[in-house]
Amino acid sequence: MLLPTIMLLFLFCYLPMYGILISFQKYKIGSDIISISGNTEWVGLLHFKTFINSIFFSRVFGNTIRLSVLNLIYGFWVPIVFALLINEIRCMWFKKLTQTFVYLPYFISTVVVVAMLMSITGTEGAVNKLTSLLGVEPVNMINSPGHFDVLYVASNIWQTFGYCSIIYIAAMASIDPTLYEAAIVDGANRLHKVIHITIPGILPTIIILLILSIGSLLGSNTEKILLMLNPKIVDRADVIGTYVYHVGLQKGKYSYSAAVGLFTNIINFILVFGTNIISRRTTNYSLW
Amino acid sequence: MKRFIALVLITLMMFGVLAGCGAKDNVQIDNNQSSQGNSADSTKKSEPTKITLLMTETGAEWNHKDTPNFKQIQKVLLDKFNIQYELETALGNEFETTVTTRFASGEQLPDIVNYRYPSEKLNELYKNGLIIKLNDLINQYGPEVKKLIKMRPLVAVANGDREGNILRLPASYIENPQHRITVLHVRNDWLKKVGMDGVKTPDELYTAIKAFQEKDVNESGKPDEVLTGFGNLDFNMTIGSAFGVKYMVNAADSWYTDSNGKIYNTFLTPETKQYVTYMNKLYSEKLLDESYITQTGEQYNEKLYNNRIAGCPGPWWDGVLNSQRVSDKGFDVEYIPLIPPLSATGKPTVYLKDLGGYGGYMVTKDCKDPSAAMKIINWGYSLEGSVMNYYGESTLEGGDYYKKTTPLEGLKLPDYSMEYTEKGKAAIKEEPLLWTKMGWNAEFSPKVLIGNADSIAQEFFQAFGVEKCGLAADVQFNKKGLKDAEFTYGIPAVNFVSPTEEQTEKWENYTDLWIYMDEQISKFITSVEPLSNWDEFVAKCEKMGIKDATQIKQEQYDAYKKIMSGLE
C-alpha cells in the first residue's frame with residue numbers, strides 16, 4: 001500500500017528536481033534543459049559566484065536571517081504558551097470558542113492581511129489616531145524602515161500562533177493523565193504540573209518543530225514581504241525570496257534565480273542536518 | 001479484493017495525472033499555407049479557425065471580452081474571415097511576469113501575445129523559436145501592414161531584428177500628440193484662490209502648492225493638498241523635463257544622445273541631480289504625496305474625491321476627466337494642463353513617446369494558423385478596423401454614440417474623425433469611464449490612426465464642453481497648446497536596433513546595476529539616501545559597468561541611424 005504514496009512522492013517531489021540543472025546552465029526560455037544535440041550551455045558555478053559577489057547579497061542574506069531569527073525568538077514560544085494556557089481552561093465552550101477565533105487569522109489571505117496592515121498603520125489609521133492622542137506625530141508605518149520588523153513579525157505571530165498551537169495541544173492530549181493524578185497526590189499545584197509534566201511531555205514535539213524552524217531559516221514569508229515592499233523600506237525588507245522574484249520572474253533570469261534558490265536550500269539542509277545532530281547528542285530527541 | 005480495487009483505482013488516477021501533465025501538441029507551423037488564398041474573405045472553411053490573443057486586463061469593472069466592442073469585432077472577424085477570435089487576459093501589473101512565465105513553459109502558448117518586450121528579449125524569443133517572423137505573412141496577407149511600414153519605416157526597425165526580420169507589429173499605431181505627451185495638470189481654481197496666474201517654473205509650482213496648504217484651499221482644516229501620481233515615470237517626463245532631463249524611465253531604458261550623437265544614460269546627469277533634489281524638497285516638505293510611489297488606484301481616487309490633489313501628471317485629457325469626476329462629488333474644480341510645460345532652464349520640453357507603436361502583437365510558434373493571425377492584424381490596420389476599434393462604430397458615418405464630425409472652424413480633420421451624438425454625450429457624462437465599459441480603443445484588435453492636433457482639439461472640446469473644462473476646452477488653446485507641445489517643445493525618443501547575441505549576453509551582467517540605479521533614485525527622492533551621496537552613487541554605477549553598457553547602446557544607436565538613413 002505504500003506504492004501509491006511512493007509514486008506520488010516520486011512524481012511530484014523528486015522527478016521535477018531535474019529542473020534544478022538550469023542553475024548550472026545559461027538557460028534560455030524555450031530551450032531544453034537537457035539537450036541531446038548538445039545545445040545546452042553549461043556554466044558550472046557561475047551563477048552562485050555571481051550571487052555571492054552581487055552587491056545585494058549581503059542585504060538579502062542579512063535581511064532573511066534577521067527576519068527569520070526575529071520570528072523564531074518572538075514567535076516560536078507563543079503557540080507553546082497559548083497551548084499551555086488553553087490546556088488549563090476547564091470551561092469547554094469558552095475553550096472551543098477561543099480556539100476557533102485564534103485559528104481564523106491563519107485562513108485570511110496574505111493580501112487581505114497586508115491591506116489591513118496598511119489601513120491600520122497608515123497616517124489616518126487606527127494606530128496613529130491612538131498615538132496622536134498621546135501627542136505623538138503620525139507616522140506612515142508601512143513606509144517606515146524602523147517599523148518594518150515589528151509589523152512583519154507581529155503580523156506573522158498574529159496569523160500563525162493559533163494554528164501552530166494545534167500540534168502542541170494534540171501533543172498534550174497524548175500525555176498520560178495518571179501522571180497528573182499522581183502529581184495531585186504529591187501536592188503539586190497547576191504551575192508544578194505544567195513545569196514538571198506538561199512541558200516535558202511535549203518537549204519532543206517542541207524540539208522537532210524547533211529543528212524544522214531552524215531548517216527554514218533562509219526562508220521567509222515572501223508573499224507578505226512582496227506586498228509590503230516599497231523603495232523606502234527596501235534595504236530592510238528585501239529578502240532572498242523577493243530578490244529571486246524580481247530577478248528571476250520579472251527580469252527573466254531563470255538560471256540565476258534557480259541557482260539562488262538551490263543555494264538557499266543547501267544551506268537550509270545543512271542547518272537541519274546540523275541541528276538534528278546537536279539535538280540528538282544533547283537531548284536524545286531528533287528527526288532521524 | 002479491496003486492495004486490488006484500490007490499486008486499480010490508484011493506477012487509473014496516476015495515468016490520469018500523467019495524461020494531464022501531457023505531451024506537447026504537435027503543431028505544424030506552415031507559413032506558406034496556400035489553401036488560405038490571397039484575398040481576405042474569399043475562402044470559407046466549414047469550421048472557424050480559432051485564434052486566441054493574450055493581453056492585459058485593465059482591472060476595471062468590465063473585462064475586455066465582455067465589452068460590446070469586442071463582441072462586435074468577434075462577429076466581424078467570424079463573418080469576414082471565418083475566424084473565431086478569443087481573448088485570454090491577465091492583470092496589467094503582473095502581465096510581464098505572466099507572459100514571460102508562459103513563454104518559459106514553452107507549451108500551449110496562445111496564438112498571439114500582445115506585449116511590448118525590449119528588443120533583446122524579443123530577439124531571444126525569436127531565436128528560441130517561441131515566436132515566428134512575420135515578413136512572409138505580411139507579404140502575402142498584410143497589404144495594410146505594408147502600407148504602414150512604407151509610410152513609417154521605423155515601425156519595421158523598432159519591431160524587428162538586425163537581419164530585417166519583423167518580429168512583432170504594434171497593437172496601436174496612433175500618431176497623435178494626445179498619445180505622445182504626458183503633461184502636468186494643476187488646479188486652476190486653487191491658483192486663482194492664492195492669487196497666482198499660472199505656473200511656468202518648478203519654483204512657481206513649489207510656491208503654488210505651499211500656498212495651497214498654507215491657505216487651506218480645500219478647507220479641510222489640515223495641510224493635505226498634495227502633488228501626487230503613480231510612481232516616478234510621469235514626474236520624470238513632466239518635472240524632470242523642466243530641468244532638462246531628456247528621457248528618464250527605468251534605468252535600463254533611459255538613454256539619450258547629445259548634439260554629437262553620443263549616447264548617455266539620463267540617470268547620471270547633473271540635470272537629473274537637480275530634478276531629484278527638487279523632488280526631494282517637495283517630498284520632505286510634504287508637498288509631494290508620501291505614498292505616490294506605491295499608491296493604488298483606490299488610494300488615488302480617495303484623495304481625488306476628498307479634494308486633496310493639487311496636481312498630477314498624466315495624458316492630455318486626464319485633467320479634464322479628473323475635473324469632471326471631482327465635480328460630480330460636489331466640488332467646483334478645474335484642472336488644467338500646463339502648456340507650455342514647466343521649465344527651469346527657459347527652454348520648456350516634453351519628450352515624445354516612441355513612434356514604433358504601442359504594444360506588440362507577436363505570433364507564437366503554437367499558432368494554429370498564422371495566416372489567420374495576420375488577417376486579423378491586417379484588418380485591424382485598415383480604416384474599417386481602426387474605426388471600429390477606436391469608436392466602436394461599424395461605418396465611417398457613425399451610429400449610436402458617434403457621428404461623422406462637422407469640423408470646428410479652422411480645423412482640418414482626418415477622414416475617420418467622429419464626434420459624439422447626443423446619446424454619446426449623455427452616456428459619457430453619466431459614465432466617465434465609458435470607453436473602458438464599451439471596449440473602445442482597447443488593444444484587443446490593432447489599429448492605425450494617423451491624426452493631428454486639429455483632431456484632438458475637436459474631440460477634446462466636444463467631449464467635455466467648455467462649461468466643464470474652462471481654459472482647457474478652448475479650441476484654440478488646445479490646438480495651439482498641442483501643436484506647441486509637440487512641435488515646439490517635443491523632443492523625440494531615441495531608438496535603437498536590436499542587440500547582437502554577444503551584446504545580449506553582456507547585458508545580463510548589468511541586472512544588478514539597473515536595480516541599484518532605480519532604487520537609488522527613489523531613495524534620494526524619499527530621503528532614505530542623503531543627496532550628499534550623489535557622487536558616490538555615480539562612482540558606484542561606473543564601477544558596476546555603466547560605461548560598458550553605454551558602449552553597447554552606442555553601437556545599437558549607430559546601427560539604427562545607418563539603417564534609417566538607408567531607408568529614408
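**Group meeting: cysteines, sheets and the A–B interface**

Let's start with a cysteine: Cys13(A) has a relative accessibility of 40%, so Cys13(A) counts as partly exposed. Cys91(A) is partly exposed too, at 33%. For the cut-offs, buried is under 20% relative accessible area, exposed is over 50%, and partly exposed lies in between, with a 1.4 Å probe and protein chains only.

Quick housekeeping. This is a predicted model, where local features need pLDDT of at least 70, side-chain atom pairs count only at pLDDT 80 or more, and totals for chains, interfaces and linings use all residues. Residues are numbered from 1 along each chain as its sequence is written, chains are lettered from A and ligands numbered from 1 in the order in which they are written, and side-chain values use heavy atoms, with hydrogens and water left out.

Back to cysteines: how many disulfides are there over all chains? Zero, by the rule that a pair of cysteine sulfur atoms must lie within 2.5 Å.

Now the sheets in chain B. Strands here are DSSP runs of E, at least two residues, and helices are runs of H or I, at least four, numbered from the N terminus. Two strands pair if DSSP finds at least two bridges between them.

One open sheet has four strands in the order E2-E1-E3-E12 (chain B), with mixed pairing. E2 (83-91) and E12 (361-363) of chain B sit at the edges with a single partner strand each, so one side of each has no neighbour in the sheet. E1(B), residues 49-57, runs parallel to E2(B) over nine bridges, and Ile51(B) faces Tyr85(B) across that pair.

Then there's E9(B), residues 309-315, with six of its seven residues buried. E5(B), residues 182-187, pairs with E9(B) in the antiparallel sense over five bridges, while E6(B), residues 226-227, pairs with E9(B) in the parallel sense over two. Look at Gly311(B): this glycine is the bridge partner of Val186(B) and also stands opposite Leu227(B).

Over in chain A, helix H13 (residues 240-250) has buried residues including Ile240(A), Tyr243(A) and Val247(A). Just after H13(A), Gly252(A) takes a positive phi of about 70°.

Last stop, the interface. 34 residues of chain A are in contact with 36 of chain B, contact meaning heavy atoms within 4.5 Å. Which three residues supply 19% of the area that chain A buries against chain B? Ile29(A), Pro231(A) and Lys232(A), more than any other three. Buried area is the accessible area (1.4 Å probe) that two parts lose on being put together, summed over both.
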